[in-house]
Amino acid sequence: MTSLHFADHMRRIGVVGDGLAGLSAALVAAQRGAEVVVFGTEEPLGGLSGPISAQEHEWLFDQIPISWRRKGRLDRLLRRMKVPMPSREIELGKLAIIRDDQRIGLPSFQGWLRRPTGPLASAWPELIRSARRGDLSEVQGPVREAATLLNLMRESNPHPNPKAVLELAWRGRPRVPLDGWVGVSGRLISACLQTDVDFQTDGPVTALRMNRDGRVDGVRRKGRVLPVDAVVLACPLRAKRRILEGEDLPSSSGRTAHLRCLGLSGALMRPHVGLWDTDREVFALDLAQMAPERVPRAHRGAASLLHCIAFGDEESAAKRIEAFLDAQCSGWRTAIETDHSLPRLRMPALDQEELPFDRFSDSGIFFAGEGVSKLDPAADGVVEGGIRAGRAAAQS
């Protein structure tokens with residue numbers, strides 16, 4: 001990576017973290033005239049939006065597979081940068097829940113009035129009304145699990161959010177980013193490089209240096225202190241706590257999930273793209289059907305690019321994924337072309353106290369990313385939080 005050469009007359013911003021929040025903060029700070037360095041831990045860059053495998057010509061898996069929000073904050077940002085993300089819509093009828101090993105499909109919509117059809121059609125208007133009221137507590141049974149599936153598509157979170165349900169059940173449909181979230185981070189990294197952002201990836205930041213006035217004036221890493229005028233901490237919450245040791249920060253909820261990504265010969269989940277197995281608490285998504293561009297050319301048209309996420313008891317998560325595959329994807333063991341597992345995937349926290357992004361603004365320290373108050377729990381909120389922190393750091 002390039003070395004640091006800060007000009008005396010330019011404001012110097014250090015961004016700790018190279019995920020969507022950190023990249024967004026760096027980009028907006030650089031666009032406002034600051035000289036910016038992003039401190040990552042190692043390559044490849046991108047945080048949770050980075051690739052599972054850095055090898056070229058691989059199956060393109062996301063670490064957290066969530067749908068693309070058309071006309072959302074991130075979509076608008078990339079369009080302004082002239083690098084829009086191509087995406088493809090998933091029909092709700094291609095999603096299903098599983099109860100007692102039986103699939104129950106979400107409604108399909110027909111006619112110009114878009115009337116719902118299918119097993120859950122009669123309950124769909126009530127689900128939408130409940131979501132519009134902002135209260136899903138009275139929604140139960142299969143339609144409750146359908147709401148959970150919609151939330152998993154939008155946020156990878158198994159607790160229904162009325163906003164997410166309303167958006168996907170009524171206003172729009174889930175969309176697949178064809179280049180994956182790797183493509184999103186790649187676009188942001190390219191934009192940062194074009195605005196002369198520097199990247200440093202040889203080890204974690206260990207501390208911040210403060211001057212006599214109580215303001216940050218340096219980032220400490222590997223025994224060296226690099227001078228800065230302000231810092232955006234866009235790293236995981238546990239890293240924020242380590243860097244600001246002694247400060248009263250909320251602790252991470254520690255919620256993790258087990259992710260297994262499989263490239264399989266054969267379309268083993270058809271006719272469905274996404275499944276929520278309520279019996280085993282496993283969410284599965286086959287992106288090869290909607291985004292064959294993610295599959296190596298030799299396998300396109302006859303493959304599954306399968307993300308399986310198991311929630312709940314960590315010790316049994318891997319076994320529950322295999323039980324799901326045995327029940328829903330017969331013959332998967334002999335069809336494996338590639339196989340990756342992340343046994344402790346860090347997921348967005350659920351019931352966690354949130355930090356104000358400007359809690360230590362008087363010291364020139366701003367927060368983004370995990371643990372920080374967001375406008376939206378999905379990727380758009382993460383990006384919005386990064387932009388807000390980067391803008392404040394450049395102006396402080």
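Tutor: Start with a definition: an axis here is a line fitted to C-alpha atoms, for helices over the stretch in contact, and angles run from 0 to 180 degrees between N-to-C directions. Keep in mind that this is a predicted model. Two packed helices are described by the angle between their axes and the distance between the axes.

Now take helix H2 (residues 73-80) and helix H9 (residues 379-395). Their axes come within 8 Å and cross at roughly 60°. H2 is therefore oblique to H9. Which residues meet? From H2 come Arg73, Leu74 and Leu77. From H9 come Asp380, Val383, Glu384 and Ile387. By class, the contact of H2 with H9 has 4 nonpolar and 3 charged residues, and no polar ones.

H9 also takes part in the second largest pocket. Helix H5 (162-171) and H9 are the elements that give two or more residues to its lining. H5 gives the largest share, 5 residues. The pocket has a volume of about 390 Å³. Its lining counts 20 residues, and Trp68, Arg69, Arg70, Glu167 and Arg173 lie nearest the centre. Sorted by class, the lining of the second largest pocket holds 10 charged, 8 nonpolar and 2 polar residues.

Is Pro125 buried, partly exposed or exposed? Its relative accessible area is 36%, so Pro125 is partly exposed. In sequence, Pro125 and Trp170 are 45 residues apart. In space, Pro125 and Trp170 are 9.1 Å apart, C-alpha to C-alpha.

Definitions and conventions. Residues are numbered from 1 along each chain as its sequence is written. This is a predicted model: local features need pLDDT of at least 70, side-chain atom pairs count only at pLDDT 80 or more; totals for chains, interfaces and linings use all residues. Side-chain values use heavy atoms; hydrogens and water are left out. Buried means under 20% relative accessible area, exposed over 50%, partly exposed in between (1.4 Å probe, protein chains only). Helices (H or I, at least four residues) and strands (E, at least two) are DSSP runs, numbered from the N terminus. Angles under 35 degrees count as roughly parallel, over 145 as roughly antiparallel, 65 to 115 as roughly perpendicular and the rest as oblique. Contact means heavy atoms within 4.5 Å. Ala, Val, Leu, Ile, Met, Phe, Trp, Tyr, Cys and Pro count as nonpolar, Asp, Glu, Lys and Arg as charged, and the others, Gly among them, as polar. On a 1 Å grid over the protein atoms alone, a cavity is a set of points where a 1.4 Å probe fits but cannot get out, and a pocket is an open set with protein on both sides within 12 Å along at least five of seven lines; lining residues have an atom within 4 Å of a point. Grid points are joined across faces, edges and corners, and a volume is the space filled by probe spheres set on the points.
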